[in-house]
Amino acid sequence: MIQNAWLIPVFPLIAFLILLFIGRFLKEKSSYVGITALALSFILSVMVLFERIGGETYTYVIDWITFGELTISMGYEVTPLNAMMLIVVTLVSLVVHIFSREYMHDDKRIHIFFAYLGLFSFSMLGLILAPNVLQLFIFWELVGLMSYLLVGFWYFKPEAAAAAKKAFLTTRIGDVGLLIGLVILFNQTGSFDYADIYAAVEGGMINETLITTIALLIFMGAVGKSAQFPLHVWLPDAMEGPTPVSALIHAATMVAAGVYLVGVMYPLFLASSTAMTVVAYTGAITAFFAATMALVMTDIKRVLAYSTISQLGFMILALGTAGYVAGLFHLMTHAFFKALLFLGAGSVIYAVHHRQDIRDMGGLWGKMKITSITFLIGALAISGVFPLAGFWSKEEILASALLNGDGFLFTIALVTAFMTAFYMFRLFFKTFTGEYRGGDHDDAHANDPGVDAYGAADVAEADNPRDDSMDEETHVSPAEDHDHHDSPKENSGFMTFPLIVLASMAVVAGFVNLPFLGYPLEGFLTEGINVGSQPHGELWLAFVSLAVAGAGIALAWAMYYKGSISEDYFASKAPGVHKLLINKYYLDEVYTAVFVRPTVAIGRFFWEMDKSIVDGIVNLIGRSTSSTGRTAGRRHNGQLQTYGLVSILGGIVVIALAFVLRGYFG
Amino acid sequence: MMLNILTWLVFLPLIGAIIIMTIPKENVNVIRSLAAITSGIALVISLVLWAGFERGATGLQYATTAEWFNIGFLQINYEIGLDGLSLPLIVLTTIVTTLAIFASFSIEKRVKEFYLWTLVLLTGMLGVFVALDMFLFFLFFELTLIPMFFLIGIWGGKMKEYASFKFLLYTGLGSAIMFMTFIAMFYKAYEAMNMQETTFSMIRMAEIFADPANPDVLTGAVKGALFLALFVAFAIKLPVFPFHTWLPNAHVEAPTAASMILAGVLLKMGGYGLIRVGVGILPDQAARFASLIALLGVINIIYGALLALVQTDLKSLVAYSSISHMGIVLLGIASFTTAGMQGAIFQLVSHGFISALLFFMVGAIYERTKTRTISELGGLSKSVPILAGFTLAAAMASVGLPGLSGFVSELLAFIGIFGASAEILPAATVFGVIAGLGIILTAAYLLWAVQRTTFGPMKEKFVGLADARPMEYVPMIGLLALSIVIGVYPHILSDVINTTVIDIVSKIGG
Amino acid sequence: MVPITLFLALAAILFCIGLYGVLTRRHLVIVLASIEIMLNSVNINLVAFSAIGPFANISGQVFSLFIITVAAAEAAVGLAILIALYRNRNSIDVIKHDLLRW
Amino acid sequence: MTAQMTFFIILALIAIVSSVLVMALRTISHRVVSMAFSFFAIAGLYFLLGAEFIGIIQIMVYVGAITILFVFGMMMTEHRNIGFGPDPRKIQQVVSFLGVATLLGIMLYGIFSMDLPTTPQPYVGSVEAIGLELYGHYFIAFLGSAFLLTSALIGAVVIARKEADE
């Protein structure tokens with residue numbers, strides 16, 4: 001079966017092609033094509049995983065390009081790491097497909113949506129199965145493209161279009177670094193294959209400085225893709241896309257690809273302590289900053305987006321502190337519970353008629369039983385409450401930060417863990433407890449047009465879209481008055497089934513690496529790759545972790561459920577900080593001022609220069625030629641005697657010259 | 001006598017043109033189909049050549065030589081042949097021209113002449129790529145000028161006269177420089193062989209320059225000057241900053257089909273000439289000026305991209321993007337590695353498809369909306385979803401998205417430039433990193449353009465525009481499919497090119 | 001005998017006078033007359049060389065005969081053109097006949 | 001100073017002065033007469049050189065035929081209107097004068113710096129010698145000039161005659 005692993009990405013590709021060509025006749029039925037394909041892929045992935053456990057790494061390649069003596073090949077490979085990732089991706093993708101069937105069923109372009117999802121799944125699976133880092137890069141870019149297309153799925157919203165572009169461009173910056181890193185690496189090792197690279201690194205074929213350079217360049221790619229500071233700005237904006245897309249791409253799979261990249265290139269990073277330090281600190285800083293911003297956001301999806309960034313920072317931090325398994329373990333568990341949270345949010349958004357502001361929600365606990373419970377499970381899991389998945393993986397990250405990092409990293413990790421628990425439960429309490437506030441708000445913050453997509457388009461059209469400059473910062477779209485204020489109710493099985501599946505995964509996924517069982521996942525993942533010894537925390541660390549999470553939850557409970565601390569207590573204490581956080585540290589503005597505007601200004605300057613100087617010289621030559629012609633032409637006045645005079649003068653000059661130069665008779 | 005298949009290929013379009021000449025100009029459909037059939041046959045022949053080309057064999061294939069004329073010591077041969085460098089470009093030429101002919105079925109004005117010139121142009125382009133005699137090369141090179149001049153000048157836009165004359169004079173200047181350089185090389189070779197031998201053959205010339213009987217004649221200064229002159233001649237065609245200003249004018253005014261051919265094939269003649277004549281005959285000089293070439297390449301990339309960023313006209317944006325992309329060719333050549341050289345050739349081919357597609361899309365959009373000003377467009381995804389989709393795909397191919405051909409050439413060029421030997425290109429890393437910035441800029445201007453034209457709310461005046469016609473699918477799908485094929489499986493191209501590239505690079509011994 | 005150089009000098013002077021006339025006179029008749037003077041100056045040279053040149057022989061005189069013939073023909077045709085021109089354009093001012101321009 | 005020299009100077013002066021007068025005089029008929037004097041003086045020079053036949057031909061053709069032709073040409077055109085008004089081409093005149101003067105200077109310098117021997121006893125070409133040469137060596141050219149004269153005759157008539165349909 002493992003030989004047929006290539007079929008796993010091919011199923012979604014087939015779904016994509018089917019939908020591309022005959023999708024418009026299938027309409028709503030398109031979803032079943034995608035669901036079927038993903039179900040097949042999932043089943044195959046499970047089979048491959050079971051075969052891989054205790055089996056051998058399987059590789060199959062063909063020549064892709066030859067230049068000189070060198071050949072780059074493409075193919076697929078099943079390693080422990082990607083066997084695990086296959087399960088994660090196919091499972092999340094499958095449930096997202098199922099979820100979308102309901103969520104998107106009113107959209108006229110639903111077949112396009114499922115086609116995109118199919119192509120995305122194909123790309124993501126291709127990325128995972130890649131036997132060499134170039135193929136990874138190829139699919140890496142393709143998932144970026146799909147992210148672009150899916151974020152911009154509602155292209156008629158200027159915000160969505162701008163967000164899509166921003167997402168693509170920002171990640172592209174990292175990708176260029178990655179590409180350059182890969183190219184330098186290739187020129188050192190003559191191969192893109194993982195095995196050759198590991199061998200070259202471990203054999204000391206590359207000097208230290210170069211390894212650091214390469215590692216940092218490759219890390220740039222991860223920074224862009226996994227939305228790490230300072231390239232994280234695209235991810236919150238990417239929430240303009242449909243919610244299932246956010247769950248699949250911007251929470252569970254694609255954004256985790258950066259972490260995965262660091263994972264597969266891990267020996268390279270291990271060989272450079274500078275690179276590891278940079279990685280660890282980037283992760284820590286990102287985790288912290290993103291968490292602070294998540295504290296104040298009011299858009300349910302944006303809170304989750306910052307939470308995602310923060311959690312990705314955690315993973316990067318783990319990898320940077322030699323916690324290879326910890327990082328990847330958290331990658332897996334996070335995929336489940338974050339997808340769960342996003343889909344839960346999607347369920348809520350769908351139920352409250354596409355409003356996303358948590359200030360307009362509340363009191364959904366009784367109305368949406370399944371959604372509420374599963375969301376609670378997700379929130380507990382991400383907060384790291386025993387015995388849910390997040391507890392186990394986060395505990396390992398803390399362990400690696402403590403054991404291999406320094407006090408600063410560990411402190412930041414703890415603080416972030418506390419903030420995580422706090423903002424998740426802030427979200428939970430605001431959304432599900434208290435009174436429903438959606439009915440009496442006239443200015444509902446509609447941001448997710450979904451069903452009435454074309455209605456929103458009309459609004460946007462009437463509202464005269466803003467100047468679409470490059471630096472377009474997205475805002476919530478203008479107020480849209482909803483007619484239907486009927487109270488929210490639980491959604492159909494297509495939406496709740498995925499929640500249940502993911503919730504159960506969020507509960508059990510942590511058990512694959514139980515310390516009592518001798519860390520089975522660790523044994524599986526570290527097979528065949530030299531990543532050093534893995535740090536393990538002691539028991540007290542688990543209690544510290546739990547205590548921190550409990551404190552966060554308690555504070556949120558006090559502020560948003562009990563009301564014993566005023567909701568804007570901290571905001572009023574430090575209004576400056578609050579403003580800074582609300583405005584996302586003004587990073588978008590800074591980037592606009594520092595990078596975007598000068599570039600455009602330089603472009604304009606060069607254009608003017610091109611028109612006036614470069615082309616000016618050309619035109620000047622042309623004009624001077626024709627004006628010379630005109631001037632000379634004016635001499636041709638038809639006066640025979642003038643002609644005669646000129647020719648005689650010419651003759652005289654020739655004679656005189658000959659006379660002067662060579663004497664009379666030469 | 002059975003003529004060489006290459007000869008057939010080159011002169012077949014001319015025969016088609018002559019037949020078209022005999023058809024009354026009212027029979028528009030006959031003329032159109034005849035033009036399509038002629039170019040189609042040329043396409044088939046070129047594919048036959050592709051299939052029959054012996055991979056991995058060094059040297060020329062399908063070569064033939066015949067004495068053409070002989071005036072005293074001046075002997076000019078009809079010498080043609082194929083190798084891994086010219087074959088991909090020949091296939092590119094026939095494909096792009098055939099599709100351009102399909103794309104121009106909507107032209108109603110002076111149809112007969114249009115196809116007449118297009119077919120003559122085809123002969124000229126094919127001739128350039130097969131000619132191995134410098135005189136013949138020059139002749140075909142010139143033969144491409146006149147038809148393009150008329151295509152722009154008659155079927156062009158508002159400023160067609162200005163644009164066509166600028167094109168003619170500018171590239172004509174390049175040809176003049178080229179011709180003078182050829183003559184100078186001829187005499188230098190004559191002198192270097194102690195007045196014993198004269199030749200215009202590129203192959204023989206390369207041998208003479210590599211191993212002259214009288215080395216004192218070919219000093220470094222002489223060879224350097226010859227190379228620089230050749231470089232300028234081809235730089236105008238490519239075009240290289242600061243010789244690029246004819247290109248935006250020509251493109252903006254040219255009709256769609258002419259734009260496709262211009263960007264798709266004519267620019268490639270510059271790159272081809274640089275590799276074939278410049279690097280082929282004077283490899284040591286090319287290596288000597290590698291830093292200059294790379295510098296100009298990087299300037300092209302960045303400068304073109306920055307200018308494209310601020311364009312207000314969609315077509316001139318694409319034109320500047322061509323300039324930017326041609327920088328990759330220079331960069332690849334300048335690296336003097338097999339990867340870089342292959343990247344340059346890949347870029348020639350891939351940009352041929354991609355830019356033709358982009359120009360076709362711009363033309364199709366213009367035909368419907370009657371505007372090319374970016375700010376006036378918007379929301380086309382809604383009114384013409386298929387065209388918008390293909391536009392997006394073309395833009396992505398141009399951005400260098402993996403899976404499409406642009407990526408392969410960029411990758412190879414990067415591998416080349418970062419792997420360039422320090423003796424040839426001391427500042428390779430710097431160039432490489434700056435070129436990397438260019439990739440970001442490329443993504444920026446193309447995505448921005450796509451965002452402003454196809455995304456956003458639909459404008460009222462664009463409601464009810466007709467989406468793609470069946471005839472338009474032919475060039476769109478054809479070009480995109482080729483880009484995908486090369487991008488997904490570049491081996492089909494690289495195994496043709498590789499041997500030739502190894503041969504070229506091996507000449508640069510030091 | 002008079003030195004030949006004097007004849008040559010005289011011919012040169014006459015030639016230059018004729019040339020000046022051709023270039024500056026506005027009356028077409030005079031332009032033609034100037035041309036005749038120039039032809040004459042050439043004849044002087046020929047005859048002088050024929051008679052007292054270093055290789056004196058008859059050929060110079062034969063040539064001068066030819067020149068006289070040509071001059072006569074030229075004068076006849078030239079004057080005929082002049083008359084035709086005058087009839088058509090009603091002027092024999094050289095300045096007014098400027099059709100020979102770009 | 002020999003008699004020959006005296007005659008030469010006189011004749012040369014007449015030729016030069018009358019040529020200058022052709023340019024300088026105002027009345028057209030005076031100019032033509034002046035031209036005839038110039039031709040006459042040149043004929044005299046031919047006699048001086050012992051080329052009597054050419055001298056006679058010169059008188060017959062130039063003084064006789066061509067001058068009369070000019071008189072006819074003059075009379076059939078604008079002979080009453082003396083001037084054409086002020087000449088707008090001052091530069092033309094000045095430059096012409098300078099150019100011609102330069103040319104003359106160069107020529108004279110060349111002529112006088114040349115050391116040409118003068119045959120002490122002039123060669124006298126008899127009419128017989130001329131005839132022999134003309135009908136012998138230069139026969140083809142002679143025939144050619146005959147054709148030339150014929151065609152010039154016809155041409156002149158064709159050009160100068162009034163258009164029949166006018």
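In chain B, what share of the contacts with a separation of 6 or more is accounted for by residues 24 or more positions apart? Such residues account for 79% of them, two residues being in contact if their C-beta atoms, placed from the backbone, lie within 7 Å.

The model is predicted, and local features need pLDDT of at least 70, side-chain atom pairs pLDDT 80 or more, while totals for chains, interfaces and linings use all residues. Residues are numbered from 1 along each chain as its sequence is written, and chains are lettered from A in the order in which they are written.

**Chain B**

| Property of chain B | Value |
|---|---|
| Helices in chain B | 20 helices |
| Strands in chain B | two strands |
| Buried share of chain B | 62% of 510 residues |
| Span of the C-alpha trace of chain B along its principal axes | about 75 × 55 × 40 Å |

Helices (H or I, at least four residues) and strands (E, at least two) are DSSP runs numbered from the N terminus. Buried means that 20 or more other C-beta atoms, placed from the backbone, lie within 10 Å of the residue's own.

**Chain A**

Strands β1 (residues 58-67) and β2 (residues 70-78) of chain A pair in the antiparallel sense over nine bridges; pairing requires at least two DSSP bridges. β1(A) and β2(A) form a hairpin with two residues between them, and A:Gly68 in the turn has a positive phi of about 60°. A:Ile65 stands opposite A:Ile72 in β2(A).

**Chains C and D**

Contacts link 63 residues of chain C with 70 residues of chain D. On the side of chain C that touches chain D, α3(C) supplies the largest share, 21 residues.

Terms used
A residue is buried if 20 or more other C-beta atoms lie within 10 Å of its own, exposed if 12 or fewer, and partly exposed in between; C-beta atoms are placed from the backbone.
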